[in-house]
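Please open the structure in your viewer and keep the selection panel at hand. The stops below say what to select next and what is found there.

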Amino acid sequence: MNDQTRIVMDKVEGETGSLVFPIYQSSAFQLPKGEKFRYSRENNPSVEALCEKINELEGSEAGNCFSSGMGAVTTTLLSLISPGKTVLVQRDIFARSYIFITQFLKNWGVNVLVADPGTDSILKFRDHDVDLIFIESITNPTLRVTDIERIRSSFPRGKTIIVTDATFATPVLQKPLSLGSDLVLHSLSKFMSGHNDVIGGYVGGRKDLMTLIDQNRRMLGPSMDPNTAFLVNRGMKTLFVRMRQAGNTAFSIAEKIAGIDGVKVVHYPMLENHPDFLRYGEMLDGEPAIVSFELDLSRVDPQKFMSSLTLILPANTLGGLSTTITHPPTMSHRTLSEDERNRAGIKPGIMRLSVGLESEDDLLSDLKNAISKSFIT
Ligand code: PLP
């Protein structure tokens, strides 16, 4: 069955004739009938139905949902890594994941190797004993596209576990497991749910690894609640339509803002100036819905720019129906030092635009007007 068909279908059992999978808002289940689910921190039918749907989309042997994307990141790493093991992480990823690995896990006794932006920088570590590689398939916020197949061929399965955070790509643009990743991870708070109204996470892939992760999820407790599972499933039904439409608008905006006075560089993999332009088409099936661009700070004030926007919402998130904008140095990546941001390619004037479903003309005129109001006089 095609993914686009699968995503709108709910496998509803029972005699009610309900069209959609219901919310089982129950903390526990009566024994002996409720033996399969017992207690909702451990297992819940609404959450299980969502996980199974994402498992099918991603091709996961097994998978679990979490109370947040960070719940998925931390539980996965705490389950697969212990003191003395070695983790290789990209420098240019979501700051909380980066800090969890380079500070929390490092303080815990894990050896941490950090790769500069780009797949080649990861491959430089091919002669090291690496237990786990943590990557983002489209990085946050410079949109580098990571070549999972090349990484897999340099780091054999059985020796190195590859964990891919595919929050920016979603299964619409990429299936990391089919490219050689052992696990795929999502913040469901973003494009997957798509309405800026829930926080959730998912990780899935190899069954042997998921068994360890699931045991720890049950114990550490970052489990998803049934209400959230319902909302994520409802939002996900339009994932393909949203991603294609927003990706289309994002590509067009990326091409057009490159020529606006006050914009220095546009980071978008389908533009020729992007370092991953040549390989982009082989790795992703469609256009990302995020565009990052750098304002010329000698002429434009980024804070004034954000406060001059009237349609686009300044917010610490992405992936919703409404277009949002983030200034990573003062928002999503503020916890990194300036030196770390520079090495990750996150320049002081960078803006991350998450394109929603508004009209392209309205979005472009909002961006243009706000830039013209923010020139330093
Ligand atoms: N991964 C990426 C790429 C993200 O952008 C985020 C959050 O912005 C996370 C993980 C964490 O997800 P959550 O906010 O759901 O904990």
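This is a predicted model: local features need pLDDT of at least 70, side-chain atom pairs count only at pLDDT 80 or more; totals for chains, interfaces and linings use all residues.

Sorted by class, the side of domain 1 that touches domain 2 holds 20 nonpolar, 12 polar and 9 charged residues.

Next, colour residues 3-236 as domain 1 and residues 239-372 as domain 2, the two parts into which the protein is divided. Their contact draws 41 residues from domain 1 and 44 residues from domain 2, while the C-alpha centres of the two domains lie 25 Å apart.

If you show a surface, keep in mind that the area buried between domain 1 and domain 2 is about 3700 Å², with carbon and sulfur atoms giving 63% of it. Which residues of domain 1 lose the most area to domain 2? Select Val172, Leu173 and Phe191, which together make up 20% of what the domain 1 side buries.

Across this interface of domain 1 and domain 2 there are also 2 salt bridges. As a separate selection, show the side chains of Asp276 and Arg144, which meet in a salt bridge at 2.7 Å, N to O.

**Backbone stops**

Now turn to the backbone, and begin with Thr170, which is found in helix 7 and has a positive phi of about 60° although it is not a glycine. Most residues other than glycine have a negative phi, and most peptide bonds are trans.

Move on to the loop between helix 1 and helix 2 (45-58), where Pro32 has its place, and look at the peptide bond from Leu31 to Pro32, which is cis with omega near 5°. Another cis peptide bond joins Asn140 and Pro141, with omega about 10°, and Pro141 lies in the loop between strand 4 (132-136) and helix 6 (148-154).

**Stepping back**

Finally, zoom out to the whole protein, which has 14 helices and 12 strands. Its radius of gyration is 21 Å, close to the 21 Å that the globule rule gives for 377 residues, so the protein is as compact as a globular protein of that length. Along the principal axes, the C-alpha trace spans about 75 × 50 × 35 Å.

Terms used:
Residues are numbered from 1 along each chain as its sequence is written. Side-chain values use heavy atoms; hydrogens and water are left out. Domain bounds come from an automatic or database domain assignment. Contact means heavy atoms within 4.5 Å. Buried area is the accessible area (1.4 Å probe) that two parts lose on being put together, summed over both. A salt bridge is a side-chain nitrogen of Lys or Arg within 4 Å of a carboxyl oxygen of Asp or Glu. Ala, Val, Leu, Ile, Met, Phe, Trp, Tyr, Cys and Pro count as nonpolar, Asp, Glu, Lys and Arg as charged, and the others, Gly among them, as polar. Helices (H or I, at least four residues) and strands (E, at least two) are DSSP runs, numbered from the N terminus. The radius of gyration is taken over C-alpha atoms; the globule rule is 2.2 Å times the number of residues to the power 0.38.
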